[in-house]
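The stops below go from the whole chain to single residues, and each one begins with something to select.

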Amino acid sequence: EKIKLQDRVFYFPSEKSVPPTDPAAAWLLPAFDEMLCGYKDKSDILPGDKIKTTILRNGIIKPIIVDGEQVVGTWNWIRNRERKKLETLFFEELPEGKIDSVREQAAWLEMFYQS
């Protein structure tokens with residue numbers, strides 16, 4: 001959408017170009033995302049026994065998989081001579097619908113990385 005204000009032109013995405021957000025969907029968030037980095041106490045979104053799996057000793061924070069308001073796993077983009085693919089590590093078994101949501105997100109991310 002194009003709007004002109006005082007001899008200046010502003011462009012905004014149309015409603016059709018903005019994908020709807022699905023609260024039931026799982027999301028792949030990047031390493032150091034503010035959802036995890038923004039708070040000292042991460043216990044509301046990250047199970048205490050999974051902190052060392054997600055935040056490494058040297059301060060590196062892995063990319064995370066989020067379902068609703070909880071971190072449910074981590075992901076990693078593997079790129080070497082033999083293959084390029086996204087690997088996931090879930091903290092617990094997820095319902096098939098959530099797995100499908102992660103697969104859909106992974107397909108988009110793989111398409112991005114492969115381009």
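Before selecting anything, note that this is a predicted model, in which local features need pLDDT of at least 70 and side-chain atom pairs count only at pLDDT 80 or more, whereas totals for chains, interfaces and linings use all residues. Residues are numbered from 1 along each chain as its sequence is written, and side-chain values use heavy atoms, with hydrogens and water left out.

**The whole chain**

Begin with a cartoon of the protein chain, whose secondary structure comes to three helices and six strands; helices (H or I, at least four residues) and strands (E, at least two) are DSSP runs, numbered from the N terminus. Followed along the sequence, these elements give the pattern β-β-β-α-α-β-β-β-α. Of the 115 residues, 28% count as buried, where buried means under 20% relative accessible area, exposed over 50%, and partly exposed in between (1.4 Å probe, protein chains only). Among the contacts (heavy atoms within 4.5 Å) with a separation of 6 or more, 47% are accounted for by residues 24 or more positions apart.

**Helix H3**

Next select residues 96-114, which form helix H3. At 1.5 Å a residue, its 19 residues should span 27 Å, and the end C-alpha atoms are 26 Å apart, which agrees; the expected span is 1.5 Å times one less than the number of residues.

Which residues of H3 are buried? They are Lys98, Ile99, Ser101, Val102, Gln105, Ala106 and Leu109. These residues cover an arc of only 155° around the axis, which puts them on the same side of H3; the arc is that of the directions from the helix axis to the C-beta atoms. An α-helix has 3.6 residues a turn, so residues three or four places apart point the same way. Turn to the other side of H3 and you will find Gly97, Trp108 and Met111 exposed. Now show what covers the buried residues of H3, which includes strand S3 (26-29), strand S4 (64-67), strand S5 (70-79) and strand S6 (84-90).

**The nonpolar cores**

Select Ala26, Leu28, Ile65, Val72, Trp75, Trp77, Leu86, Leu94, Ile99, Val102, Ala106 and Leu109, the twelve residues of the largest nonpolar core. Such a core is a set of buried Ala, Val, Leu, Ile, Met, Phe, Trp, Tyr and Cys residues joined through side-chain atoms within 4.5 Å. S3, S5 and H3 each supply at least two residues of this core, and its largest share, four residues, comes from H3. Apart from this core lies another, of nine residues, among them Ile64, Val66, Val71 and Phe91.

**Salt bridges**

A search of the whole structure finds four salt bridges, each defined as a side-chain nitrogen of Lys or Arg within 4 Å of a carboxyl oxygen of Asp or Glu. Select aspartate 67 and lysine 98, whose side chains meet at 2.8 Å, N to O. This pair links distant parts of the chain, with aspartate 67 in strand S4 and lysine 98 in helix H3, 31 residues apart. Lysine 98, at 15% relative accessibility, counts as buried.

Move to aspartate 100 and arginine 103, which form a salt bridge at 3.1 Å, N to O. Both lie in helix H3, three residues apart, about one turn of the helix. Salt bridges that share partners join Glu96, Asp100 and Arg103 into one network. Aspartate 100 counts as partly exposed at 39% relative accessibility, and so does arginine 103 at 48%.

Then select aspartate 49 and lysine 50, which meet in a salt bridge at 3.9 Å, N to O. Aspartate 49 is exposed, with a relative accessible area of 59%, whereas lysine 50 is partly exposed, at 21%.

**Two loop residues**

Lysine 42 is found in the loop between helix H1 (34-37) and helix H2 (51-54).

Finish at phenylalanine 32, in the loop between S3 and H1. Its phi is near 65°, a positive value in a residue other than glycine, and phenylalanine 32 is partly exposed, with a relative accessible area of 44%.
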